[in-house]
Amino acid sequence: EEAADDYVSLVRTFAPLADYLAVNVSSPNTPGLRGLQDRRALEKILAPVDAARRQYPRVVPMLVKLAPDLDDAGLDGALEAALGCGMDGIIAANTTVLRDSLRSPLAAETGGLSGAPLSALSLEFLSRVVRRLGGRLPVVASGGVMDAAGARARLDAGAVLVQLYTGL
């Protein structure tokens, strides 16, 4: 219920220090967080976040990090919320809760799956995001990037930047 206040508090704390900030509403490890990707819920967060960041002389760029598990309608709603609330970009994507393609002990685990098992899904999601945005916002690739070829594939799919974490 207090998500907007929490995000605004974080903006006020970190905006003067950051090169950019991300509104992450896509972590599967925080109960209920992914529900905030719904268009109306996301607008209730992004509008006050945008207002808070505009109180500073230097407006820090704000990106929204989405889950690769969103269906087309959910993705469209989240993107429209980001566009309508003046966000500066999208990060595609966070970890997945899907385990359909896994044939390993990981299939029975819960929480966010990252690394190599996420690679194909995150690349497909990135392509969907880039297509749907049609150049209206830059997209940062994230998730399942394990090597230079994976980074190149994401740039070729339309990402303007690539985040690395698990691959390191």
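## Close-up views of the predicted model

View 1. Leu10, Phe14 and Leu17 together make a nonpolar surface patch of about 330 Å². A patch here takes residues with over 30% relative accessible area and no salt bridge, joining nonpolar side chains (Val, Leu, Ile, Met, Phe, Trp, Tyr) within 5 Å and like charges within 9 Å. Accessible areas come from the Shrake-Rupley method with a 1.4 Å probe, and for residues only the protein chains shown count as cover. As for the ground rules, this is a predicted model in which local features need pLDDT of at least 70 and side-chain atom pairs count only at pLDDT 80 or more, while totals for chains, interfaces and linings use all residues. Residues are numbered from 1 along each chain as its sequence is written, and side-chain values use heavy atoms, with hydrogens and water left out. Leu10 sits in helix H1 (residues 3-14); helices (H or I, at least four residues) and strands (E, at least two) are DSSP runs, numbered from the N terminus. Leu10 has a relative accessible area of 46%, so it counts as partly exposed; the cut-offs are under 20% for buried and over 50% for exposed, with partly exposed in between (1.4 Å probe, protein chains only).

**View 2. The whole chain, for orientation.** There are 5 helices and 5 strands, and along the sequence they follow the pattern α-β-α-β-α-β-α-β-α-β. Of the 168 residues, 43% count as buried. The chain exposes about 8,700 Å², and carbon and sulfur atoms supply 55% of that area. Among contacts with a separation of 6 or more, 67% come from residues 24 or more positions apart, a contact being heavy atoms within 4.5 Å.

**View 3. The open sheet and its S1 edge.** The 5 strands form an open sheet in the order S1-S2-S3-S4-S5, with parallel pairing. S1 and strand S5 (161-162) are the edge strands, each pairing on one side only. Strands count as paired if DSSP finds at least two bridges between them, and S1 has 4 bridges to strand S2 (residues 62-66). Strand S1 (residues 21-24) has Leu21 and Val23 on its covered face, with Ala22 and Asn24 on the uncovered one. Across the pairing, Leu21 stands opposite Met62 in S2.

**View 4. Met62 and its surroundings.** With a relative accessible area of 1%, Met62 is buried. Setting aside neighbours within four places in sequence, Met62 is in contact with Val11, Leu21, Val23, Val49, Arg53, Met87, Asp88 and Gly89. Gly89 is 27 residues away from Met62 in sequence, yet the two C-alpha atoms are 6.8 Å apart.

**View 5. The largest nonpolar core.** This core has 39 residues, and Val25, Ile45, Val64, Leu66, Ile90 and Val129 touch the most other members. At least two residues each come from H1, S1, helix H2 (39-53), S2, helix H3 (72-84), strand S3 (89-92), helix H4 (119-133) and strand S4 (139-141). By core we mean buried Ala, Val, Leu, Ile, Met, Phe, Trp, Tyr and Cys residues joined through side-chain atoms within 4.5 Å. Not counting residues up to four places away, Val129 touches Leu75, Leu79, Ile90, Ala92 and Val139.

**View 6. Ser142 in its loop.** Ser142 is found between S4 and helix H5 (148-156). Although in a loop, Ser142 is buried at 8% relative accessibility. Beyond residues up to four places away, Ser142 touches Lys65, Ile91, Ala92, Ala93, Ser122 and Gln163.

View 7. The whole structure holds 10 salt bridges, each a side-chain nitrogen of Lys or Arg within 4 Å of a carboxyl oxygen of Asp or Glu. One of them joins Glu80 and Arg136 (3.7 Å, N to O). Glu80 lies in helix H3 and Arg136 in the loop between H4 and S4, 56 residues apart, so this pair links distant parts of the chain. Both ends are partly exposed, Glu80 at 31% and Arg136 at 45%. Another bridge pairs Arg54 with Asp50 at 3.0 Å, N to O; Arg54 is partly exposed at 47%, whereas Asp50 is buried at 13%.

View 8. The closest N and O atoms of Arg128 and Glu124 are 3.9 Å apart in their salt bridge. These two are 4 residues apart in helix H4, which means that about one helical turn separates them. Arg128 is buried at 8%, while Glu124 is partly exposed at 36%. Salt bridges with shared partners tie Asp72, Asp76, Glu124, Arg128 and Arg132 into one network.
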